Structure formats: structure tokens, C-alpha cells
Amino acid sequence: MSETTPTAAPERAAGLPAQSPPVDRAETAKSDAPARLSWWRGDGGEGARRNLGLLATLLVLVVIGILTRPDLYGNASWVWGNTLTILKLASVVGVVTVGMTFVIIGGGIDLSVGAIVALAGVWCTTVATQSYGAGGMIFSALTVGLAVGLVNGLLISYGRLVPFIATLAMMVAARGLAAEISDKQTQVSNDTFINGIASTNVLGIPLLVYILAAVVVAGWVLLNRTTFGRRTVAVGGNPEAARLAGINVRRHTLLLYGLSGLCCGIAAIMLTSQATSAQAAMANLYELDAIAAAIIGGTLLSGGRGTIVGSLLGVIIFSTITNLFAINGLSTEAQNMVKGGIIVAAVLVQQVQFGSLTQFLRRNRATSTT
Amino acid sequence: MTNPLVAAPADTVAGEVVLRLTDVVKTFPGVRALDGVQLEVRAGEVHCLLGQNGAGKSTLIKVLAGVHRPDSGEVEWRGEPASFANPQAAMRAGIATIYQELDLVEDLSVAENAFLGHEPRRLGFVRRGHMARRTRQILARLGHPEIPPGRLVRHLPAAGKQIVSMARALSHEARLIIMDEPSAVLAHDEVGNLFRIIRELTAQGIAVIYISHRLEEIREIGDRVTVLKDGRTTAANLPARATPTNDLVARMTGRTIEYVFPERPADETAGAELLRVDGLTRPGEFADVSLAVRAGEIVGIAGLVGSGRSELLETIYGARRAQAGTVRMGGRTLRPGSVGAAVRAGMGMAPEERKSQALLLGEPIYRNVTLATFGRYARLGFTDAGRERAEADRIADSLELRPRDIRRPVRTLSGGNQQKVVVGRWLLGDTRLLLLDEPTRGVDVGARAELYQVIRSLAARGVGVLLVSSEVPEVLGLADRVLVMREGRVVREAPAGEIDEDTVLDLVMAGSLMEGAPA
Ligand SMILES: Nc1ncnc2c1ncn2[C@@H]1O[C@H](COP(=O)(O)OP(=O)(O)OP(=O)(O)O)[C@@H](O)[C@H]1O
Ligand SMILES: [Mg+2]
């Protein structure tokens, strides 16, 4: 190893003109093309492309609606009214999905969202809570949601439980507690303000849709424009890298589950208002709807990537399907089969798009032989 | 300009041509990674591929290995036109590849990884005993009989993983073995082992394509050299030993590099003590390590892979918790096991394994560069993307990142360019002490000189640097003071001027001869 790294004298540069480094950038010419293409690829460009695909899916569903029920779609005011119905249907799950999207991007999963909604709903409609009026009910729903979410977070980040297990346990426990509190009864809400939320329209659009819009916008800003969002992507994409970059991974994980719980609290108020009551069995299987919506919206189950807009489109696609079956008078069973098919298709598309071909081939090689 | 394609008359290799590439082109969206490559490889030779980071070397070998399909051009394998649809096809044809980025399945055993995809079987059942036996033979041949074939790869250190991917390449009856920077994660003595094996292979008439940024390795093991620049062959079949270094560098970079290591400042007035480590111990990794780094000083740690260097660095940084000992920054004792505390005290660390420890592969380059600092550019929790991109642009310029588009996902960068992103991250912000673990792994000669320059100018600004490197010349050339580690202990400390390469190597190796003996 006598000859170490090269120390080339300038005069030995055989036949090559001595160039100064700044001029010698053949790459500058090469990188022109990427610069032009970068709007397409850079900053969430892949997400944008995927969202176009989701919009196309939505369009197809609308076309199916038009083809199967041309009579209804001929009526403009019915179409407007039906659109609002779909959005209203999407609103509660939509709010839950925003929180879920954060958790999944952050590398986790929250199976307890439906149970948290139920617990928060039941808690805020007990006789005792109702005596504090609408303010007390809203406050307690949000607090309960946040608190249960933080417990999830503590178990996962500091107790080192696997998210799947921790939130599965919470799902069972929270529903149990809700049944205990409500004594398995339906608790009627007598508060006119709470009950009015779901029936109020502002400028012809249901208040619930505004709430969804507000949560989605807040979620989008949080994910894309704040340090919280950046940490979420880092923690989910590569927790070790995040940790070594000085990010407090545990605390952030805790906050993510808290955020999901808070969204559940909001959803609990919306759902209670819609039903003018709450019970332990409410928001059944919301976890599945929220996870499925996030996944077809392009959120990577393994973490590190996802978009709020994609999740919103996912929720809207699901409620459009539900609506499509309803206006055609078809059964929910058939509907669930279609939903299942869509989830599988979405995940397949995800694999091909996100992994480069290399990774795809290698993964196949690895799995086909194990 | 002279004709860049100089076919050397020196025909030192007698074997027949086994592989010939003509005008191979491969484009990725927005990048022409290969833009007309010519390559000719003969049986029994070690054919070296040289080129800057991003020149297209890895892309080229992925074309050969059936991972990428070329857009155009011809591949002729053993006299016949070939086109490999997938990696299996290339392997069946007799081409085995050791990739630059390890591609092992972490939760399979060493033997299962070595024979992945071609397990010996009978009646559909894997012959586990047979597989373990053959793995043991290969490992012994690689000089590592101590690695148990049944151990999960997850539990091996980085160098062990590299051995396993070499074992995988040897488990095939290959006629051509491609090695993409195999020495980047190997210690000095391991490289010697690798070369011995390469010589055995070529003696059997097997051809080897060898990629490395270390020219001295190419001198030692190579027969002929092909140089790539911007996806084109700029020189083919140069004699590996006879071609002058500066000629090679000039063909790779299009310019000359006058000096590699920046000069040390004349006045020995390093500042106040910045870092003090006392009696730091983690059983099984390192014991009773004490050291100090002053402001403006570069301290280098030399030692074999496995001597506890990386673990020491990670413990100082709080990523591991010490069993005993203290770490003080500017006189204040840091909370053990807390990266946050270390970062707040002004530490930054570029870790050893870029893929698993440092990068968000799907995220844009600039967000990877600012991963540790985005909070500082933020106002009221809102990130400042413009500022981040400006800072990342500055780093990309000073480290010659290519391609220069910082919005690309890091995943699409070549290995060496990914490494620049990892180091560049800590050149931002107000880091007072920089811990660098193999900072130049896979970085080409030109960019390496730039990087040394950047590190030296940081030191001139008062930043303290603690550097770990497997390349002894790098430690000696860059550091002001050198610590030599062996089996978890510091066995020597000296100013860089008062110790030479042979002494360091002797100190470093002494332990590996007397396995297990206390230092
Ligand atoms: N999957 C990909 N998508 C887009 N561009 C890619 C991809 N893979 C490689 N590239 C680009 O192709 C060019 C050649 O990369 P390659 O990895 O072959 O370089 P290399 O010569 O091996 O460099 P190094 O010495 O750093 O390993 C680079 O500009 C790189 O950014
Ligand atoms: Mg490479």
C-alpha cells in the first residue's frame, strides 16, 4: 500500500485540457432534463400522479352511476343533493382517516379508532356530562379521545409494544369501557346544539362537510408545511435515521397516536349528533374503513409515505360505492365484496409503482424461494 | 481533445473474450445513466471499472446481472448475443454479482442467504445439512470459518454481511463474477483475503469485473481498466499497473487533482477542549476509552472493523448507552443514551451505514440534507422549504453532487452520491463537533478531495472532528492526532506527523493474530 490516493501533477494530464472544476460539469447539461421534469417528480409529485388515478377511479364510479340510473342523474338538483349525501357520509370516517393517515405514515397502525369514537361518544352523552351543556360534551369527547390516543402512544413508544397489539388491546378495552359506562344502553343526547350540528346547513352545505374540510385542510398543512409533518415522514420512513438525526422518535410516536385519538374525539361528536345518541357499538369497524381509505389513497402501510388528499379521495371513493349500491337498491354484502376487491387492487398498484423494478424483482426472488 | 477511446496495445491477458458490450444505452426518467458503453472482458482477467460517482458503473453491472434491461446496444456473452430478462437468467448463464448495496434477507440464515434461489434440493426438500456444509466450505475459503452458517444475517456486523454476499456469489458455478465496490466495507486484512480469492478464481479461468474507487487496489489486483465518464467509455483496456495515476484520474474526471489532503494549519493553536470522554465502557464492544477533542482539531481513529470504533462513536453520540464512563461537551456532562442531548450540545454524526442508518430513500435529496436542521429553519413550527432548498443547493455544490437536481428522491442517486448526502447533512447548521464514521465510503477520488477540503475548512472555523476510517492513509492524511484502537481499547495515541502507516497497521493487526488475548 505504498501508493495511496492519487496526487496527480497537472502536467501529466495526458492530452486532456486542464479545466477548472466549475466549468467542468458535463452533468449540468445532463441535469437539464430532470429540472424540467421535477414538477412531475419532486415534492410529492408521485403522490400527485396517484391522486389523478384516484380521481379517475371516482369518475368511473360516477359514470357507472349515470349508466345504471340515468333517470336520477338527469335531474341536476338530485345530483347536487346526492353529492352532498356522499360527502356527508364520508365526513365522520374522513375525520378519523386523517388521524389514521398520520399514524400510518409514522410507521404505526391504530386499530382502536372505532372503539375510541364509541368511548368518547358514550362518555360525552352520560347524564352527568350532558349537565354541563354542549361545551362540556365537546370538551369531554375531545379529551377522552386525546387521552386514549396518548395511552396507545405511551404503550407503543415507551412500553415498546407492537402498535398492532397495543391498539388491538385498546380496541377491546375501550369498547368494554364504553359498554360499562352506558350499561349497554343507547344514551340519547338531549342537547339541541349537539343534535343540531348534523342537521345544520350553511350556504346549502351540511356543517359536517365543513368540519371534514377543516380537518383535512389542517391535516394537509400539518403534514406538508410543519416540522411535525416532516418528523412524521422521517420517523415512519427510517426510524433509525430519524433518531440519529436528533429527532425524538418516541415522543413523536406518542404525539401521533394522541393526534389520532383527538380526531376520534371530533368524529364522536359528529356521529353522536347524527344519531342524536351514542352507544357502545357505534362506529363499528371504522378502523377498517379508515385504514382501507388511507391505503387506497396511497399511504404506504410500512410507513414513510402518504398524502392527506389521497386519503380523502379514498374515503370519498368508498362512500361513493356505498351510495352507488344504495341508489341501485343492492345489498351491503355485494358492496363489501367490491370494496375488498378495490383494496386489493390498490395495494397491487402500490407495489408496482413505489418499488423500482429492481426491488420488485428482488422481492419476488426472495419470497419465491422462502 | 485526443481520441478518448484509446485501446491499449498491451494485451497482457491471454484468455478469450467472454463478454463484449457494444454501445449499451440505459436511461432512467431524466437521466441517461449509460450513454454508449463499450466493454470487453476476457476469461481469467480482473477487469476494473473506474469512474466518478454517478458515472454509471453500478447501472452497467445491473444490466449485466439482468436487473436492468438496456434500451439499446449489444451484449455478447461467450460468443453469443445475450439479453437477460431477470437476475435468475443471468445467474443461470454463469454471471454472479455482488451488489454495491447489500441485498441480503436479514431474517434468513447465512446459509440460506448464500444459496438463496438455488438451494440444493432433493425431491423438493432443501438439503439443509448439505447446504450448511457447502456454506461452511465457502466461508472457510473466504477466510471466515468462524461465521456460523445457521446464524441470522441480521445479527452479523456490516463486514460479515459483505462476506455473506461474497459467499453467495461463490456459491454459483459462475464464469464471471462482478464485484461492485466490495472493499468499501472491508477492513484492510479482509481486502487481502478478497484478493487471494480473486486470484484463485482467475487462475481457474473465471473472469472478474472489479469496481473500486481505491486506485491502489486496482493496481494490486487489476489486469485491465475501463474508464467510464457520464455513462460513456472514455478509455478501454488500459493496463492496470502501467497507466499513470494522473492519467486515470484525468480520464475519469476530465481534470487533474493536484493534492488530496489539505494542508494542516501551520500554527498548532487548536482551541479549547470541546469533547472529553472518560473511561467509556460497553462490555463486548469497547472498554475504558478516554479521549479528548479540541475545537478546530481533527482526531482520527484507526482500527479494524470490529475493533469497537463505530460503537464508540455511537455511544459518544448517545445512540448507545454506556455501561460506565462519561461524555462531556464543553465541560458539561451529557445525559447518557440521549441523542437529543448530544445534538443540543452541538454534536452531529454521519453514521456508518447510509441506507439503514441515515437516509430516507424515497424522500427528495434536499429533505435528506436538512433532516437534522429543518427545525432550525422553521418559524413557529412551519417549515421553510425555500431556505431548505437553498441550503441543500449550497451543500450539493460544495460536494459536487450529481445529478444536481435536489428534488430527486435519494434512492435514484448513485452510492457515492448518497454518501455525500449523509455527510452533507452535518455541514449545515451550527454543529460544533462532528463525528464521522467512514465518511468517504464509496466516494470517488475527486469528490473525496473536495470532502477533505470541506472538513478541513470546518476545523479551521473551530469545529472539532472525530473521524473513523478503515483507510489508514485517510486517517493519517486528514487528522491532526491519531488514536489506534484494537479490540475495544485505545492502544496508541500520537500526533499524525509522528506515526506512519506501517506502525498503525502493525498496531491494528497485532490483536487479530492472537485472538481473544487481552490487549
Ligand atoms: N433507479 C434509478 N432511477 C433514476 N436514476 C438512477 C437510478 N439508478 C441510477 N440512476 C442514475 O444513474 C446514474 C448512474 O448511477 P450509478 O449508480 O450507475 O453510478 P456509479 O457509477 O455506480 O456511482 P458510484 O461510484 O457512486 O456508485 C446516476 O446519475 C444516478 O443518479
Ligand atoms: Mg455504484
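Is Ser58(B) buried or exposed at 18% relative accessibility? Ser58(B) counts as buried; buried means under 20% relative accessible area, exposed over 50%, and partly exposed in between (1.4 Å probe, protein chains only).

This is a predicted model: local features need pLDDT of at least 70, side-chain atom pairs count only at pLDDT 80 or more, and totals for chains, interfaces and linings use all residues. Residues are numbered from 1 along each chain as its sequence is written, chains are lettered from A and ligands numbered from 1 in the order written, and side-chain values use heavy atoms, without hydrogens and water.

**View 1. The magnesium ion (ligand 2) has protein donors in chain B.** They are Ser58(B) (OG) and Gln100(B) (OE1), 1.9 to 2.1 Å from the ion. Donors are N, O and S atoms within 2.8 Å of the metal (3.2 Å for Na, K and Ca); water is not among the atoms, so sites may look incomplete.

View 2. Helices (H or I, at least four residues) and strands (E, at least two) are DSSP runs, numbered from the N terminus. Gln100(B) is buried, with a relative accessible area of 15%.

**View 3. Ile156(A) sits in helix 8 (residues 133-158) of chain A.** Ile156(A) is buried, at 10% relative accessibility. Ile156(A) and Thr253(A) are 97 residues apart in sequence. In space they are 7.8 Å apart, C-alpha to C-alpha.

**View 4. Arg251(A) belongs to helix 14 (residues 249-275) of chain A.** At 47% relative accessibility, Arg251(A) is partly exposed.
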